[in-house]
Amino acid sequence: MIDWLVGFNLSAAELSALKLSVQVSLVACLCSLPLGIFIAYALARWRFPGREVLNGLVHLPLILPPVVTGYLLLQTFGRRAPLGAFLEQTLGLTFSFRWTGAALAAAIMAFPLMVRAIRLSFEAADPKLEQAASTLGAGRLAVFFTVTLPLALPGILTGTILSFAKAMGEFGATITFVSNIPGQTQTLPSAIYAFLQSPTGGDAAMRLVVISIIISLSAVLVSEILARRISRMIGQST
């Protein structure tokens, strides 16, 4: 692990929870990013029936109690649920009470932050630059990948990092969907909760709380710094 973690003298259980949290958060962000870009672009640029409904569904995890989201995931992707049973039998994907389910829950809970940041970036992109590229003969896909996407890169980066931080802190939906199994589904928030239930777990819980704060704060600062640098680079190039 990173050198600064040595000073915390983390136990094997604490390190396991930290590693699993990083793994879950990375998978959640990377797997949801393509869909997040697509939906953000659709909400920013397209007008279609049901657009407001889609926008509401995207932001629903921010409004619903996390336990409700976890329960819905269990009813949808559980082993006895039709979709969950189908995925397990055909693709070998099992979500309930597995780390993959923790990644799915984290992705859904962090998805609104990702989409919102990317959408704002798409809306802020100058359409005149896209029109100029079109007049030079570039097709829609070429314009999107060579003009629109680079202009939206600061928002994409910010949304990805913020969603990673949100995924690291996800608790309610995760513990409802995949429980709190050490070494398998126990992420940082779940480990903190478990340590707080023990009379001797106060120090371990405090160490993990401090690490969580450091990771979350670092993610916010890094996203701001990188977004500003990329924005300046784009401004200089245009």
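Q: A helix here is a DSSP run of H or I with at least four residues, and helices are numbered from the N terminus. With that in hand, how many helices and strands does the chain have?

A: Welcome! Please keep in mind that this is a predicted model. The chain has eleven helices and zero strands. Reading from the N terminus on, the order of elements is α-α-α-α-α-α-α-α-α-α-α. Its C-alpha atoms fill a box of roughly 70 × 45 × 30 Å along the principal axes.

Q: How do I read burial, and what share of the residues in the chain is buried?

A: A residue counts as buried under 20% relative accessible area, as exposed over 50%, and as partly exposed in between. Of the 238 residues in this chain, 44% are buried. Take L18 as an example: this residue lies in helix 1, which covers residues 12–45. L18 is buried because its relative accessible area is 2%, and the cut-off for buried is under 20%.

Q: What is the separation of the C-alpha atoms of L18 and I211?

A: Here you look at sequence and space together. L18 and I211 are 193 residues apart along the chain, while 8.9 Å separates their C-alpha atoms.

Q: Which residues form the nonpolar patch on the surface?

A: To find one, look for nonpolar side chains on the surface. In this model, V53, L57, L60, L62, I63 and L113 form such a patch, and together they have about 560 Å² of accessible area. Helix 2, residues 51–63, supplies five residues, the largest share of the patch.

Q: Is I63 buried or exposed?

A: I63 has a place in helix 2. With a relative accessible area of 67%, I63 is exposed, because exposed means over 50%.

Q: How do the axes of helix 2 and helix 5 cross?

A: For a pair of helices, look at the distance between the axes, the angle and the handedness. The axes of helix 2 and helix 5, the latter spanning residues 99–124, come within 6 Å and cross at roughly 130°. The two helices are therefore oblique to each other, and helix 2 passes helix 5 in a left-handed crossing.

Q: At roughly what angle do the axes of helix 1 and helix 2 cross?

A: These axes cross at roughly 140° and come within 10 Å. Helix 1 and helix 2 are oblique to each other, because an angle counts as roughly antiparallel over 145 degrees. The crossing of helix 1 and helix 2 is left-handed.

Q: How many salt bridges does the structure hold?

A: Side chains of opposite charge can pair when their charged atoms come close. The structure holds five salt bridges. One of them joins E130 and R45, with the closest N and O atoms 2.7 Å apart. E130 lies in helix 6, residues 127–135, and R45 lies in helix 1, so this pair ties together parts that are 85 residues apart in sequence. E130 is buried at 9% relative accessible area, whereas R45 is partly exposed at 26%.

Q: Which side chain meets E52 in a salt bridge?

A: The side chain of R51 does, at 3.0 Å from N to O. E52 counts as exposed at 54% relative accessibility, while R51 counts as buried at 13%.

Q: What is the N to O distance in the salt bridge of R79 and E88?

A: The side chains of R79 and E88 meet at 3.9 Å, and a salt bridge has to be within 4 Å. R79 is partly exposed, with a relative accessible area of 42%. E88 is also partly exposed, at 30%.

Q: What value does phi of F97 have?

A: In F97, a residue other than glycine, phi is positive, near 60°. F97 has its place in the loop between helix 4, residues 82–90, and helix 5. At 39% relative accessibility, F97 counts as partly exposed.

Q: Where is the place of S179?

A: S179 is in the loop between helix 9, residues 172–178, and helix 10, residues 188–196. Phi of S179 is near 65°, a positive value in a residue other than glycine. S179 counts as partly exposed at 28% relative accessibility.

How values were computed. Residues numbered from 1 in each chain as written. Predicted model: local features only at pLDDT ≥ 70, side-chain atom pairs only at ≥ 80, totals over all residues. Heavy atoms only, no water. Patch = residues over 30% accessible without salt bridge, like charges linked within 9 Å, V, L, I, M, F, W, Y side chains within 5 Å. Areas by Shrake-Rupley, 256 points an atom, 1.4 Å probe, with all protein chains shown as cover. Buried < 20%, exposed > 50% of the residue type's maximum accessible area, 1.4 Å probe, protein only. Axes fitted to C-alpha atoms, helices over the stretch in contact; angles between N-to-C directions. Parallel < 35°, antiparallel > 145°, perpendicular 65-115°, else oblique. Left-handed = near helix turned anticlockwise from the far one by under 90°.
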